[in-house]
Amino acid sequence: MDKSANVVDYESLPIDGSQIRLATILPGQKHKKVKCIVTKFPFAKDSNSSLEYEALSYVWGDATERVIWIDAICINQTSIPERNQEVRRMSEIYSRAKNVIVWLGRIDEPDDAYHIDDGRASDNLRGLLDALADCGPEDAEAAAVVLDRMYDPFYALQLPHNFFFRPWFNRIWVLQEITLAKTATIVCGDMSISWDRFEQALDAMRRLQLGGYTHLWRLSGATRADSIWRCRMRTRSYGNEGRPSPLHVELADYLWQTRFYEQTEPRDRLFGILGLVKSDMRGEKLLEIDYMKPVTDVFRDLSIFMIKNGMLPQVLCSITKSMGGLPSWASLWSSELQGEAASRLSRGLILYMQVHAFLGVEPVPNPVRISDDLRRITVKGIVADYGIGHIGKCFETVTTQSIEERALLIRKRFVEWEDEMELEECAHKMFETRSERRQAWKRALLHELPGDETELGQHYDLLKNLKNELPSPMDPAILMSVVTDLDTTLGENFDCRRPFVTTSGLMGSTGTNCDLRFGDQVGILVGSGVPYILRAVDQTGELYRFVGCCWVSELIDFDLIEGERSGLWEVRDITLI
């Protein structure tokens, strides 16, 4: 839960949860300070209680008198026991509120990436959302038509971009707040719109992907709101399929959905989603909400809980960065779109990391042994190579002014990566011809298997096969689609993948921007469909630090047990620290 300094003189809430604090916001004038009175009210276990209040999501501005629950005010943030108690029943608080108010801030926030201050933004935004909401569900291109009719094409994308990139859309607590709400109202400056109406507008934007306007969908920023919508739909569907999903499956789903979300309190990466889980968590000490618990222990225990329930591949594939005091195999379940923790796991990695779950393999093929001090895990597997002999270079950040310049920059980086690879002796050991090496390198970079024919691969070939200039004329919409697709996959600075070649000639690339080093080894674990990068910490070949997941097409969904039966190799213990 986000902390906030306040000056309320709090009287403790009873530990049995029979009371709640609510703020009564007093009438006031616009642009004046908001005044409120904080009072305790009975909060009966019976959800049919006559107590009526609204719940605020994020921050609040001007208001008339109303009774409202605001976490920053109604919870004594200086009392850890009270924070623990109130966070445990956060789902109940939001689900029982008659309405949740989503305050996004002013329409012309000065910190917006593209500042809008034309005096008409509020009316234009509401008009745009209404026009999108009125689009017929059968027309996949209706939203593109609406955007095209605005007087300025740049403004047509600037307006929704500024709206969807408000911090609220990327705050982890909003998933619980909006998902559990009976009704909700979005307020941005003087503009307000019901959540149901907003979802209709979002649905029109989502259909852009069906009509060949995926680039508009991505550039608008609507994907940020779409993740909230998907979370809401999944939460409401859990338990409706005949039997409830196991706790670890439900929790893993939410952890993956929220890995790009932000929070000011690190523990809220977990605590902020527990209220969404419908499975019974009583007795699960590893998942207990406790803000006194060290951050490293929170994520170590979460990883142990997931690993004990057969989700070792999901835990390992989610690791993007380390934290002092945390074992290398434990995940923070946090990712970024660029920088040191950049991660955009490919569809291939996401599919094969859980291939045994898809196949219904039970029990877990490779039960993990956890040391008594909870610092080491031991699994069965093999180290498939002597080490990494070549690593694709990192690129400096370059600002481009046009989509054409961006396309040529992407091509230039593809060529540089490939030319570097060609000069390495290890790249010639497995693939004899230049054509074979190029195809293997492409598969490694795009996370494809031999024979795959994908749109991403076609886009790669389109730019890679160009000379130093684009063909003229070239459809701007096609070029935009190509560039957006490759940027989304590799990152705008190419920092979501690190391509490499092993000393034996295997070509691959990481799933994240991990700290890849020469000599790191590729390992395969029994029961996991994807390979991993491991770093030996001693000369025994028994202890390793986990570096990251990776894609090597020859090692995807590798059957270690069958290979051992055939005498091709011997599966051994691999201990991660």
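Biologist: How much accessible surface does the chain have, and what share of it belongs to carbon and sulfur atoms?

Modeller: The chain's accessible surface comes to about 26700 Å², and carbon and sulfur atoms hold 50% of that. Such areas come from the Shrake-Rupley method with a 1.4 Å probe, where for residues only the protein chains shown count as cover. Keep in mind that this is a predicted model: local features need pLDDT of at least 70, side-chain atom pairs count only at pLDDT 80 or more, and totals for chains, interfaces and linings use all residues. Residues are numbered from 1 along each chain as its sequence is written, and side-chain values use heavy atoms, with hydrogens and water left out.

Biologist: Okay, why does Cys231 count as buried?

Modeller: Buried means under 20% relative accessible area, exposed means over 50%, and partly exposed is in between (1.4 Å probe, protein chains only). Cys231 has 1% relative accessibility, so it counts as buried. Cys394 has 55%, so that one is exposed. Across the 577 residues of the chain, buried ones make up 53%.

Biologist: How many disulfides does a search of the whole structure find?

Modeller: The search finds 0. To count, a pair of cysteine sulfur atoms must lie within 2.5 Å.

Biologist: In which sense do strand 5 and strand 6 pair?

Modeller: Strand 5 and strand 6 (residues 184-188) pair in the parallel sense over 4 bridges. Val102 has Ile186 in strand 6 as its bridge partner. Strand 5 (residues 99-103) is mostly covered, with 5 of its 5 residues buried.

Biologist: Why does the span of helix 17 agree with what it should be?

Modeller: The expected span is 1.5 Å times one less than the number of residues. Helix 17 (residues 403-422) has 20 residues, so it should span 28 Å; its end C-alpha atoms are 29 Å apart, which agrees.

Biologist: How many aromatic pairs turn up in a search of the whole structure?

Modeller: The search turns up 21. One of them joins Phe395 and Trp417, with 5.3 Å centre to centre and 55° between the planes.

Biologist: Why is the pair of Phe395 and Trp417 called tilted?

Modeller: Rings of Phe, Tyr and Trp (its six-membered ring) pair if their centres lie within 6.5 Å; planes under 30 degrees apart count as stacked, over 60 as edge-to-face, and the rest as tilted. At 5.3 Å the two rings pair, and 55° puts them in the tilted class. Phe395 lies in the loop between strand 10 and helix 17, and Trp417 in helix 17, so the pair ties together parts 22 residues apart in sequence. Phe395 has a relative accessible area of 12%, so it is buried, and Trp417 is buried at 1%.

Terms used: Helix = DSSP H or I, 4+ residues; strand = E, 2+ residues; numbered from the N terminus. Pairing = 2+ DSSP bridges.
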